[in-house]
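Open the model in your viewer and keep the sequence at hand. We will go stop by stop, selecting as we go.

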Amino acid sequence: MTVSSPIRFAVRHGGRLRGCLRVPGDKSISHRSVMLGSVAEGVTRVEGFLEGEDSLATLEAFRRMGVRIEGPDAGRVVVHGVGLHGLRPPDGPLDLGNSGTSMRLLAGLLAPQPFGVTLVGDTSLTRRPMRRVTEPLAAMGARVETGAGGTPPLVIHPVPGLRGIDYAMPVASAQVKSCLLLAGLYARGETCVREPAPSRDHTERMLEGFGYRLRRSPGRVCLTGGGRLAACEVQVPADISSAAFFLLGASIAPGSDVVLEQVGMNPTRTGVIDALRLLGADITVENERVAGHEPVADLRVRSARLRGAVIPPELVPLAIDEFPALFVAAACAEGETVVSGAAELRVKESDRIQVMADGLQALGVDARPTPDGMVVRGGRIRGGRIDSRGDHRVAMAFAMAALAAEGDVLVEDCANVQTSFPGFPELSGGAGLGIEVLTGEPG
Ligand code: S3P
């Protein structure tokens, strides 16, 4: 799973983006479709599944626990559910690669199983904090050990049973909430999770789609263990987090006009549209409809003159994965942009505050990191060389930066773009980005 071959993006500066594009399926929803399909009763058919390394790691993990899964074949996956009590012990540790979502959600689903299992990941995942899930799981009666410092591997030991808890999350995290709801399916009594601000609710929507009753009120969701999940059909919308790079690229490259089709518009995910509009972006939402259990729409984005703005902290959880793109937009915006309340960015696939500030500075931008955000004085970007630190979203954001840069941009360490956006160079290149993929050691 760990990708070692160096891949770099050499991106010619200038150009514009045009066309009607469909970005790959939503990563969060793809993970959940396989997780819930596996422990449902009956056959779940998924369309639009993301064939990226992260969601494939989840799929492979369930195969190794005895679930028969057909595909993916052009985004179609068929999961032959084994029911909540039908998983079998895997023959060794489950390698979840780069995927924090796989690890945190699986911790919740596997803590109540009658077998032990170890979850491991790549060097990035092995640095990420896991006590945020292991501590509330322990309060439910689970036994999940972390490595020193609260990081992976996670060693899950079987326990006689879990009990429901009422847990107030210190930070808004869909991964923590989902972990506890999945554990709660097996727990005695009621499991409730309270969040300080709305985080993505795909787990809640999909559990209801699989026929599980939830009690939802603002800031709180509860379920009672001991029910069952009934297989269903899942239509995965295009990932707004992947669309974000085109929203960025088309906004900053004069003469651009792009339509992104069937993008997931769950209101817990659309903060990037609001934030870009605050910077002056020209984004229109067309053809709004509901597909499966999620709202979708086509997004039309045309280039615009961006100006700095204060991004309200309330938008942070609603755009949590889009800050690499938003920081580049800020660098292209005239004046000052201030991001705060975003300390969570420091514990994503990389420290996205530091890595983005370093990259922007390498392009001559006045970008000052703060403990929980950044102050960017934008307007002009030079060309230069960027180390993406193996972070897929950092790599794609800086590739798009070339559209507005005064020189070419070389982005290092891009192999992990495969985790969320297979085909990014082809799709962006076809739309007008002057991107070339270089493999092998730098000459
Ligand atoms: C995700 C939740 C978010 C996000 C991640 C995917 C999910 O993490 O950053 O890429 O699928 O639940 P947090 O909920 O921990 O912020």
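Which residue in E15 stands opposite Gly19? Select Gly19 and look across: Val258 in E15 stands there.

Some ground rules before moving on. This is a predicted model, where local features need pLDDT of at least 70 and side-chain atom pairs count only at pLDDT 80 or more, while totals for chains, interfaces and linings use all residues. Residues are numbered from 1 along each chain as its sequence is written, and side-chain values use heavy atoms, with hydrogens and water left out.

**Stop 1: the open sheet**

Select residues 18–21 for strand E2. Strands here are DSSP runs of E, at least two residues, and helices are runs of H or I, at least four; both are numbered from the N terminus. Two strands pair if DSSP finds at least two bridges between them.

Now widen the view. E2 and E15 belong to an open sheet of 4 strands, in the order E2-E15-E17-E16, with mixed pairing. Its edge strands are E2 and E16 (282–291), each pairing on one side only. Neighbouring strands of this sheet are turned by 15° against each other on average, direction ignored. The angles are between lines fitted to C-alpha atoms, and run from 0 to 180 degrees between N-to-C directions.

**Stop 2: strand E7**

Select 117–120, strand E7. Colour Val117 and Leu119: they form the covered face. Thr118 and Val120 form the uncovered one. In a regular strand the side chains alternate between the two faces of the sheet.

Next, select 94–95, strand E6. E6 and E7 pair in the parallel sense over 2 bridges. Asp95 has Val120 in E7 as its bridge partner.

Then select 154–157, strand E9. E9 runs antiparallel to E7, joined by 3 bridges. Ile156 in E9 is the bridge partner of Val117.

**Stop 3: the whole chain**

Zoom out. The protein chain has 13 helices and 24 strands. Its C-alpha atoms fill a box of roughly 60 × 45 × 40 Å along the principal axes. Of its 443 residues, 58% count as buried, meaning under 20% relative accessible area with a 1.4 Å probe, protein chains only.

Note on methods
Buried < 20%, exposed > 50% of the residue type's maximum accessible area, 1.4 Å probe, protein only.
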